[in-house]
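These are notes for a colleague who has not looked at this entry before. Please read them with the sequence and the structure open.

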Amino acid sequence: MISAEGLYELLLHGYGQPRWWSEDPFTVMVQAILVQNTAWRNVEKASALIGDMMSPDGLGRMNEEEMESLIRPCGFQKAKARTIRSVAEWFRTYSYDAAKASDNPTASLRSELLDIKGIGEETADAILVYAIRKPSFIIDAYTRRLLGRLGYGFQDDREIRQFFEAGIPQDARLYGYFHWLILDHCITCCRKTAICDHCPIAAHCRQASTALAIGSIDPGSMKSTTEP
Ligand code: SF4
C-alpha cells in the first residue's frame with residue numbers, strides 16, 4: 001500500500017497546489033459550522049448574506065432571528081446559530097486571537113471544542129487546522145471512502161488518524177493542504193460513483209485493480225500514475 005506521504009505527493013502532482021480555506025480564523029470557524037450536512041454552495045450563499053458582518057462583533061450584534069435568517073440557506077439554522085454563538089464565546093476566551101489559542105496543546109483545544117454543543121470531531125479538527133493552525137488530521141466521509149477504495153482496511157477513525165499523523169510531518173499547513181487535495185480528488189474522480197479513467201492514484205487503488213481485472217475499465221484509458 002502507498003504511504004501517506006506517497007499519497008500526498010501523487011495527489012499534489014495530480015491536482016496542483018491546493019488552496020487554503022480562509023486566512024481569517026473566525027470565518028473558518030463559522031463556515032466549518034455552516035457546512036455541516038450541506039453543500040459548500042449554501043455556505044457561500046450564507047457567507048455572502050452575512051457579508052462584512054462576518055466577525056465576532058458583527059454576528060454578536062445580531063439578534064437570533066437575524067442570524068438564523070442569514071444562515072437559513074445552510075439549514076438547521078437554529079442549531080447552527082447557537083453553535084456559532086458558542087464558538088464565538090469560546091474564541092473570546094482567547095481574545096479572538098488564533099495565535100494566542102495556538103499556544104495551548106492541541107489535545108486540550110480539541111477537547112474544549114468538542115465540549116461545545118454542535119461541534120463534532122470533523123468540525124473541531126477543521127477549526128484546529130485551518131483557524132488555529134494546529135496539526136489534527138481532518139477525517140471526513142471523503143477520506144473514509146477514498147481509503148476504503150484504495151484498500152487500506154482501517155477499522156475506525158483512530159486507525160485512519162494514526163496512518164496520517166504517523167506518516168507525514170506534524171504540520172498544520174500540510175494537514176490542511178492534504179485535506180483539501182482529498183476533497184478535490186473525491187469531487188473530481190473518486191465520487192460516489194468513481195470516475196477512474198484519469199485518476200492520479202489509480203495504480204495504487206484496489207478498487208481500480210479489481211475493475212481492471214474484470215474488464216470494467218479500459219486499461220488504455222488509465223492515466224500512468226506510478227511516479228509523481
Ligand atoms: S482509481 Fe477510482 S476508485 Fe480508485 S481512488 Fe481513483 S477514482 Fe477512486
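1. For the classes used here, Ala, Val, Leu, Ile, Met, Phe, Trp, Tyr, Cys and Pro count as nonpolar, Asp, Glu, Lys and Arg as charged, and the others, Gly among them, as polar. By that scheme the shell around the ligand holds 11 nonpolar, two polar and one charged residues. Note that this is a predicted model.

2. The ligand sits in the largest cavity. Two elements, helix H10 (141-150) and helix H13 (206-213), each give two or more residues to the shell around the ligand. H10 supplies the largest share, three residues. In total 14 residues surround the ligand, and the closest are Cys 190, Cys 196, Cys 199, Cys 205 and Ala 208.

3. The largest nonpolar core has 72 residues, of which Met 29, Trp 90, Ile 132, Phe 164 and Phe 178 touch the most other members. Helix H12 (residues 172-188) gives the most to this core, namely eight residues. As general background, nonpolar side chains in soluble globular proteins tend to be buried together.

4. With neighbours within four places in sequence left aside, Ile 132 is in contact with Met 29, Trp 90, Phe 91, Ala 98, Ala 101, Ser 102, Leu 109 and Ile 127. Met 29 and Trp 90 are also named among the core residues that touch the most other members.

5. How many residues of H2 are buried? Nine of its 10 residues are, and H2 is thus mostly covered. The buried ones are Phe 26, Thr 27, Val 28, Met 29, Val 30, Gln 31, Ala 32, Ile 33 and Leu 34. They pack against helix H3 (40-50), helix H4 (56-60), helix H5 (64-71), helix H6 (77-92) and helix H9 (121-131).

6. Leu 34 lies in helix H2 (residues 25-34). Leu 34 counts as buried because its relative accessibility is 0%, and the cut-off for buried is under 20%. Beyond its neighbours within four places in sequence, Leu 34 is in contact with Val 43, Ala 46, Ile 71, Cys 74, Lys 80 and Ile 84. The C-alpha atoms of Leu 34 and Gly 75 are separated by 8.2 Å, with the two residues 41 residues apart along the chain.

7. Neighbours within four places in sequence aside, Gln 31 is in contact with Trp 21, Trp 40, Val 43, Ser 47 and Met 54.

Definitions and conventions. Residues are numbered from 1 along each chain as its sequence is written. This is a predicted model: local features need pLDDT of at least 70, side-chain atom pairs count only at pLDDT 80 or more; totals for chains, interfaces and linings use all residues. Side-chain values use heavy atoms; hydrogens and water are left out. A nonpolar core is a set of buried Ala, Val, Leu, Ile, Met, Phe, Trp, Tyr and Cys residues joined through side-chain atoms within 4.5 Å. Buried means under 20% relative accessible area, exposed over 50%, partly exposed in between (1.4 Å probe, protein chains only). Helices (H or I, at least four residues) and strands (E, at least two) are DSSP runs, numbered from the N terminus. Contact means heavy atoms within 4.5 Å. A residue is near a molecule or strand if one of its heavy atoms lies within 4 Å of it. On a 1 Å grid over the protein atoms alone, a cavity is a set of points where a 1.4 Å probe fits but cannot get out, and a pocket is an open set with protein on both sides within 12 Å along at least five of seven lines; lining residues have an atom within 4 Å of a point. A molecule sits in a cavity or pocket if more than half of its atoms lie within 2 Å of its grid points.
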